[in-house]
Amino acid sequence: HPASASPPIFGRTMNSQTGVEEYMLFDPIFKFHENTVENPMPDGGGRLMKITQNTPEEDGQSGQIFCSNAPRTFLNEDHCKLSFDPLACFNENGVDKYGNGRGVVVCGSPGEVASDFTKGVIDGFDLKTKTVGHKNREIYKDGTFTQQKGNIWWYLALTAEDQLRQRMAWALYQIIPIGAGGGFVPRTEYWTVYYDIFVRNAFGNYRDVLKEVSYNQSMAKWLSFLRNSGVQYSLDYEDELHFPDENYAREVMQLFSIGITQLNMDGTNKLDENGHLIPTY
């Protein structure tokens, strides 16, 4: 929130030793706890959920913090832990719940380190931008959300010491972007977590990039395969027949990898003996 740049003054006093008038400032910046792959939060963030559950709504948005327990994937499964903390939280079908003493698998996520204010603050990085009900798209007009996620990106892209990595990450994101749909527009962390995939893998293997993207919730929402299931699963567990969403399967081939026609090493189209384009599949 921009207010963090010049916090409001709520009191002042005189320093008895220096004789200088000093001000007490209010700076509403969140402190983030460590929830890394190697050291996940023992309760998955359930206590923070509990503490903030009665936070009054403001501009139509609840102040409750979401469960921080990350989904179990190939990225973190070697370090996930079984927690019997009664406040250990988990997400089930999009709803945050408590384990109430039952075993809950808690997992961290890559790079989710504790915040360190001694290293400075990038525009007060907020958890969730305030919006008003269905008018959340209006946020692009008044600039709040654009500034929030934009300032983080600009700061790192322009000041980071690993400039080649930053440029490679930006190039990779142009190939595999996500849009502003999917119901998660107000949440800055969704975007930064997704973009970090390209920062981490800037000098790695493109297959690793595709694999991480395929397991990412933001991409799952954007290309509609979140909680996707096959025909047999729907019959066995949901007692109904529906077919899996193949949107992402098509996109990952046509747009993110092999394309729709075979290419030569110089990027030109391969042609058959009749001069026609050769489909890749």
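Reader: If buried means under 20% relative accessible area, exposed over 50% and partly exposed in between (1.4 Å probe, protein chains only), how much of the protein chain is buried?

Author: Of the 281 residues in the protein chain, 32% are buried. The model is a predicted one, in which local features need pLDDT of at least 70 and side-chain atom pairs count only at pLDDT 80 or more, while totals for chains, interfaces and linings use all residues. Residues are numbered from 1 along each chain as its sequence is written, and side-chain values use heavy atoms, with hydrogens and water left out.

Reader: What is the secondary structure count?

Author: Counting DSSP runs numbered from the N terminus, with helices as H or I of at least four residues and strands as E of at least two, the protein chain has nine helices and six strands. Taking a contact as heavy atoms within 4.5 Å, residues 24 or more positions apart make up 55% of the contacts that have a separation of 6 or more.

Reader: Let me look at α5; what length does the helix reach, and what would be expected?

Author: Helix α5 covers residues 188–200, which is 13 residues, and runs 19 Å from its first C-alpha to its last, close to the expected 18 Å; the expected span is 1.5 Å times one less than the number of residues.

Reader: Which residues of α5 are buried?

Author: The buried residues of α5 are Thr188, Tyr190, Trp191, Tyr194, Tyr195, Ile197, Phe198 and Val199.

Reader: Switching to cysteines, how many disulfides are there in the whole structure?

Author: With a disulfide taken as a pair of cysteine sulfur atoms within 2.5 Å, the search of the whole structure finds two. One joins cysteine 67 to cysteine 89, with S to S at 2.1 Å, and its S-S torsion is about 85°, so this disulfide is right-handed. Cysteine 67 sits in the loop between α1 (46–51) and β3 (81–83), whereas cysteine 89 belongs to strand β4 (residues 89–92), so the bond ties together parts that are 22 residues apart in sequence.

Reader: Are cysteine 67 and cysteine 89 buried or exposed? And which cysteines form the other disulfide?

Author: Cysteine 67 and cysteine 89 are both buried. The other disulfide is formed by cysteine 80 and cysteine 107, whose sulfur atoms are 2.0 Å apart, and with 120° about the S-S bond that link is right-handed. Cysteine 80 is in the loop between α1 and β3 and cysteine 107 in the loop between β6 (104–106) and α2 (139–142), so the pair ties together parts that are 27 residues apart in sequence. Cysteine 80 counts as buried at 19% relative accessibility, and cysteine 107 does at 2%.

Reader: What pairing does that give in sequence order?

Author: Numbering the bonded cysteines of the protein chain in sequence order, the pairing is 1-3, 2-4.

Reader: Now the aromatics; how many pairs do you count?

Author: Rings of Phe, Tyr and Trp (its six-membered ring) pair if their centres lie within 6.5 Å, with planes under 30 degrees apart called stacked, over 60 edge-to-face and the rest tilted, and the count comes to 12 aromatic pairs. In one of them, tryptophan 170 and tyrosine 173, the ring centres are 6.2 Å apart and the planes are at 25°, so the pair is stacked.

Reader: Where do tryptophan 170 and tyrosine 173 lie?

Author: Both are in helix α4 (residues 163–175), three residues apart, which is about one turn of the helix. Tryptophan 170 is partly exposed at 40% relative accessible area, while tyrosine 173 counts as buried at 15% relative accessibility.

Reader: Which residues are in the cluster that ring pairs link?

Author: The cluster holds Trp153, Trp154, Trp170, Tyr173, Tyr194, Tyr195 and Phe198.

Reader: Which lysine lies over the face of phenylalanine 74?

Author: The rule asks for NZ of Lys or CZ of Arg within 6 Å of the ring centre and within 35 degrees of the ring normal, and lysine 211 lies over the face of phenylalanine 74 at 4.3 Å from the ring centre. Lysine 50 likewise lies over the face of tyrosine 98, at 5.5 Å from the ring centre.

Reader: Last topic, backbone: what is phi of serine 224?

Author: Phi of serine 224 is near 65°, a positive value in a residue other than glycine, and serine 224 is in the loop between α7 (217–222) and α8 (231–237). Aspartate 239, with phi near 55°, is in the loop between α8 and α9 (247–254) and counts as exposed at 70% relative accessibility. Most residues other than glycine have a negative phi.
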